[in-house]
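Welcome! Take a moment to look around before reading on.

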Amino acid sequence: MGDLTPREGIEDIMPYKAGEAKIAGRETAIKLSANETPLGPSPRARQAFLDAAKSLEIYPDGGYGALRTAIARRYGLDADRLVCGNGSDELFHLLAQAFLGKGDEAIHTEHGFAVYAIATRAAGGTPVEVPEQNLTTDVDAILAAVTDRTRIVFIANPNNPTGTYVPIDEVKRLQAGLPADVLLVLDAAYAEYVQRNDYEAGLEVVATSQNVAMTRTFSKVHGLAALRIGWAYGPQTVVDALNRVRGPFNVSGPAQAAAIAAIEDTGHVARAVEHNEKALVAMTRQIEALGIEVVPAVANFLLLRFSGDKGRTAQAADAYLRSQGLILRSTASYKLPDCLRLTIGLDEHNALAVSALRRFMAGETA
C-alpha cells in the first residue's frame, strides 16, 4: 500500500490566487483589484435575492429554466442551447472535463486567464501556451500551435488582465482555421463593457458553427460576483455534454432569481457601462500624463506598466498604493511583473488612485 496521492498532474497545478481585499493593519481599504462593478448589482436583483431567501429549504430548479428563458429573451437565443454554472470558472472546468483526456492539449494565450490552465490540468490534459502580439491574442500563433492532440482553444475576449481585444473578424478567422474536432471557447466575461464597432462577443459565431462555445458571467457588469453564476451558449453537442457532467443543482435558487432580475434591468447595465466608458477614457489620459504606460483597454480595468526608472517599479508602486489604502492587482503571475491592474471604481476612488500614483511618480515612497 502506498501513500495517498492525487492523480497524476494535480500537483502540477498552481492554485488560483484571487485579488486581495484587505491590507494588514488597516480597517478599511479601497479594493480596485478584482474588476467588480463600482455601481453594485441592480436594486431589482438585490430584492429578488432577498425574496428567494424566504424559501431556502427548497431545492432550486436544476435546469434553471426561467433563467435560461431570461437570457435567451435578452439576446435572442435558443434557450435549449444554454447551460448555467457556478460562475464561468465552473463552465471552463466542465468543458475541460467533457472534452479533454490524458494526452490531449488545450491552447491558451501567454497572458490569458489563469483558470484555463488549471481546468486543463485538472481534467488530465496538457495546457499549451502561445505568445501574444502586443499583449493581444495572436490568431496566427494559436493556429500554428494546433496539433493532432489539440482539443480546446481558450481565448478571453477582451483579455484579462491585459484589457485588449481581437475584432470579430479575427475570431471568425480563428474558427475557420481550426479543425472541426477542436472546440473554440470564447470567454466574453467583459463583453458588455466593449464599445468598439468591430467587436462582437461571439453569438453569431456560435450560432453558425458546431465547434464554438461562448461563456458569459454575472460577476462583472451585473454585480453578482458573490453569487457565482455564469452561462454558456454552444452547439447542442457541447450543451448535452455539459449537462451530463455538471452537478444536478449547480446554481443556487437565490442566484438564479437575482440573475433573472439583473439581466432584465437593462437600464442598470447601461448606467454601469456609461460610467465605465467615461472613467476608462479619463483615467487613461490622467495616468498616461504621469509618465505611466497604460495598455489600451476596452473592459473595466487598466493595465499599468511601470518603467522601473529611479525605483519606480510595479512592486514599489503596489507597496506605496497599499500604504495609501488602495489595493490594485499584481500581474506577476501572468508574466507581467512590471505591471499592475487597476479596476475602474467610483469617481472618488478613481481620483484617489490617480492622486496616489501622482505622488508615487513624484518620488514619495511607502
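This is a predicted model: local features need pLDDT of at least 70, side-chain atom pairs count only at pLDDT 80 or more; totals for chains, interfaces and linings use all residues.

Over which ring does the charged end of R341 sit? The charged end of R341 sits over the ring of F301, 5.7 Å from its centre. For such a charge, NZ of Lys or CZ of Arg must be within 6 Å of the ring centre and within 35 degrees of the ring normal. R74 has its charged end over the ring of Y75, 4.8 Å from the centre.

Residues are numbered from 1 along each chain as its sequence is written, and side-chain values use heavy atoms, with hydrogens and water left out.

**The whole protein**

The protein has twelve helices and 13 strands; helices (H or I, at least four residues) and strands (E, at least two) are DSSP runs, numbered from the N terminus. A compact globule of 366 residues would have a radius of gyration near 21 Å, and the protein agrees, with 21 Å. That radius is taken over C-alpha atoms, and the globule rule is 2.2 Å times the number of residues to the power 0.38. The C-alpha trace spans about 55 × 55 × 50 Å along its principal axes. Of the 366 residues, 55% are buried, where buried means under 20% relative accessible area, exposed over 50%, and partly exposed in between (1.4 Å probe, protein chains only). Looking at contacts (heavy atoms within 4.5 Å), 75% of those between residues at least 6 apart in sequence join residues at least 24 apart.

**Aromatic pairs**

There are twelve aromatic pairs in the structure. Rings of Phe, Tyr and Trp (its six-membered ring) pair if their centres lie within 6.5 Å; planes under 30 degrees apart count as stacked, over 60 as edge-to-face and the rest as tilted. Here are two of the pairs:

| Pair | Centre to centre | Angle between planes | Type |
|---|---|---|---|
| F92 and Y116 | 5.3 Å | 85° | edge-to-face |
| F306 and F360 | 6.1 Å | 80° | edge-to-face |

F92 belongs to helix α3 (residues 87-99) and Y116 to helix α4 (residues 115-122), so their pair ties together parts 24 residues apart in sequence.

**Helix α4**

Helix α4 is mostly covered, with six of its eight residues buried: V115, Y116, A117, I118, A119 and T120. These residues pack against α3, β3 (105-109), β4 (126-130), β5 (150-156) and β6 (183-187). After α4 comes G124, which has a positive phi near 95°.

**The nonpolar cores**

A nonpolar core is a set of buried Ala, Val, Leu, Ile, Met, Phe, Trp, Tyr and Cys residues joined through side-chain atoms within 4.5 Å. The largest holds 82 residues, of which L67, I71, M214, F218 and W231 touch the most other members. Helix α9 (residues 253-264) gives the most to this core, with seven residues. Beyond its neighbours within four places in sequence, I71 is in contact with L82, C84, F218, W231 and I263. Apart from this core lies another, of 28 residues, among them I30, L304, L328 and L342.
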